[in-house]
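Subject: Structure for you to look at

Hello,

Here is the structure I said I would pass on. Please open it alongside this message; my notes follow below it.

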Amino acid sequence: MNTKRRIFLKSTLAGSAIAVAVGAGLLSPRQVLAAWPKDAFEAKNIAASLKGIYNADMTTPSSDIEIKAPDIAENGAVVPVTVNAGMKGIESISLFVEQNGTPLIAVFNLAPNAIGTVSTRVKMGKTSNVVAVVKAGGTMYAGRKEVKVTIGGCGG
Amino acid sequence: MKALLTTATALALLVGAPLAAQASPQQDLKEFREYYMKKFPGVPLNEFSNGVYAIDPVSRVTWEAIEEDFPPYEDDLKKGEKMFKTPFANGKTYGSCFPNGGIGISQNYPYFDAANNTVKTLEQEVNECRVKNGEKPLKANKGDIAAVTAYMVYTSRGNKVNVKVPNDPRALAWYERGKRHFYMKRGQLNLSCANCHKDSSGLYIRAEMLSPALGHTTHFPVFRQAWGDLGTLHRRYGGCNKQVRAKPFPSQSDEYRALEYFHTYMSNGIKVNGPGSRK
Amino acid sequence: MADSIKIRATLKGDVCTVKALIKHEMETGQRKDKKTGQVIPAHFIQEVNCTHNGSNVLNAAWGAAISKNPYLSIEFAGAKKGDKVSLSWVDNKGEKDSTETAIG
């Protein structure tokens with residue numbers, strides 16, 4: 001048979017299933033993880049994690065993603081990070097610390113009425129970019145900010 | 001070259017110290033305040049109770065984020081309040097040992113006890129209260145003693161520090177002893193409190209900015225991220241002494257009580273701000 | 001239970017801000033006990049969910065690099081005063097906790 005046609009049929013079915021669920025108010029976050037994504041959390045680089053969570057291999061830099069974090073982290077074990085994403089249709093925000101042994105920190109799947117804002121505190125092993133990847137309207141966007149982590153003097 | 005200059009300045013300070021010892025506490029306070037107000041123009045006197053965060057906007061961001069919604073000392077404060085309000089086995093409470101029931105009085109500590117020729121700190125009197133009422137004294141530095149004094153300090157928040165050095169040569173001797181400790185170099189690193197917290201305040205030691213000594217004592221007891229819990233002023237004195245590789249004195253020893261007397265007097269007029277949270 | 005979670009839900013217009021502090025070790029499994037030399041086993045929150053009047057507004061997967069005693073803040077629209085907000089977590093050992101609050 002024509003392979004292309006079979007695939008086309010499959011996606012149509014999937015599409016209508018989602019449409020029905022949304023109409024019935026059954027779906028909350030569009031992206032819900034069935035099980036803890038072990039491979040993504042154990043991946044040694046961002047690209048591998050993204051593949052595991054979103055099956056994506058590319059991100060587009062976006063100025064619509066703001067990462068608030070201190071320029072210098074007082075304490076690498078507790079670094080406050082806030083991601084503010086302004087684009088429409090945000091489904092998920094993933095947070096990474098690029099230079100950590102396993103960069104993936106967390107995945108936040110948001111319901112359609114959730115605002116693209118997430119704050120938490122993360123562990124950083126050393127000076128690194130904090131990277132936020134936002135899935136919105138089917139596109140993967142990315143923003144980054146460098147946070148310096150140093151050894152303290154007397155206070156640390 | 002820089003290192004030499006620093007040593008020279010420090011030496012000058014040491015030599016200068018005995019002469020300065022003749023000045024009155026009031027004169028010392030005036031000089032102390034003027035030194036920091038001149039060094040950090042635009043910082044109001046009361047802001048110094050926020051320590052390094054009054055002068056370092058970078059670290060202030062993190063501090064505010066951590067303190068903002070759930071202050072790290074919250075649980076200890078609740079525990080301290082419960083302790084303070086729970087009667088001892090004999091039915092009496094902490095309040096019975098203190099003026100005003102122990103509420104809103106921490107700004108008056110430490111004080112010179114003329115009858116016994118000694119300086120009394122709040123923690124000392126908390127434990128004296130316990131012993132007087134048949135209870136065991138609390139261990140120093142952290143845990144319950146930090147919690148209950150945190151509550152007492154919290155009820156004093158907003159009151160201006162008001163340590164008195166009466167016109168009594170014995171009180172003055174305690175004050176001078178504390179002042180000597182503050183300005184005397186010690187330890188393998190050969191540093192005095194003043195070297196870091198006066199001369200070098202606002203400068204960096206590795207990646208940290210040194211806090212000004214003005215306002216230092218106002219936010220104790222303190223939840224330090226480094227400790228992971230709430231601790232007392234003398235705990236920090238011990239830690240600082242160790243960090244310059246000097247042998248620490250025991251908490252609530254004469255030396256630390258004298259230091260606390262001088263150190264707190266230097267923050268007179270600044271509002272009590274404890275308990276606090278720091279890196 | 002709910003002992004491990006401190007939560008605050010405030011309202012501005014129709015946007016609710018949820019702030020929570022969870023008491024949890026968030027042990028990475030990479031540290032060694034100083035005395036015994038043994039590795040301290042990993043013990044960290046893996047899943048966090050937040051609901052608004054029963055509807056899931058957040059479904060999150062966490063790793064051990066979230067700080068000890070984790071802090072979380074999120075916002076969502078369509079809220080009214082008195083609405084119920086709940087927060088729950090499950091960790092890698094299967095331990096869990098949840099709490100509920102009304103939007104104030």
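What share of the contacts in chain A with a separation of 6 or more comes from residues 24 or more positions apart? The figure is 64%. Please keep in mind that this is a predicted model.

Chain A

Chain A is built from three helices and nine strands. The chain has 156 residues, and 40% of them are buried.

Contacts of chain A with the other chains

Chain A touches chain C through 29 residues, and chain C answers with 24 residues. Two strands of chain A, β6 (104–110) and β7 (114–122), each supply at least two residues of the side that touches chain C. The most comes from β7(A), which gives eight residues to that side. Sorted by class, the side of chain A that touches chain C has 20 nonpolar, seven polar and two charged residues.

The contact between chain A and chain B involves 14 residues of chain A and 15 residues of chain B. On the side of chain A that touches chain B, six residues are nonpolar, six are polar and two are charged.

Helices of chain B

Two helices of chain B are worth a look as a pair: α5, residues 122–132, and α6, residues 144–154. Their axes come within 10 Å and cross at roughly 110°. Angles of 65 to 115 degrees count as roughly perpendicular, so α5(B) is roughly perpendicular to α6(B). The crossing of α5(B) and α6(B) is right-handed. From α5(B), the contact is made by B:Leu122, B:Glu123 and B:Val126; from α6(B), it is made by B:Ile145, B:Val148, B:Thr149 and B:Met152. By class, this contact of α5(B) with α6(B) has five nonpolar residues, one polar and one charged.

Further along chain B is helix α7, covering residues 169–183. Helix α7(B) has 15 residues and spans 20 Å between its first and last C-alpha, close to the 21 Å expected at 1.5 Å a residue. Which residues of α7(B) are buried? They are B:Ala171, B:Trp174, B:Tyr175, B:Gly178, B:Lys179, B:His181, B:Phe182 and B:Tyr183.

Regards

Note on methods. Residues numbered from 1 in each chain as written. Chains lettered and ligands numbered in written order. Predicted model: local features only at pLDDT ≥ 70, side-chain atom pairs only at ≥ 80, totals over all residues. Contact = placed C-beta atoms within 7 Å. Nonpolar A, V, L, I, M, F, W, Y, C, P; charged D, E, K, R; others polar. Helix = DSSP H or I, 4+ residues; strand = E, 2+ residues; numbered from the N terminus. Buried ≥ 20, exposed ≤ 12 C-beta atoms within 10 Å, placed from the backbone. Expected span 1.5 Å × (residues − 1). Axes fitted to C-alpha atoms, helices over the stretch in contact; angles between N-to-C directions. Parallel < 35°, antiparallel > 145°, perpendicular 65-115°, else oblique. Left-handed = near helix turned anticlockwise from the far one by under 90°.
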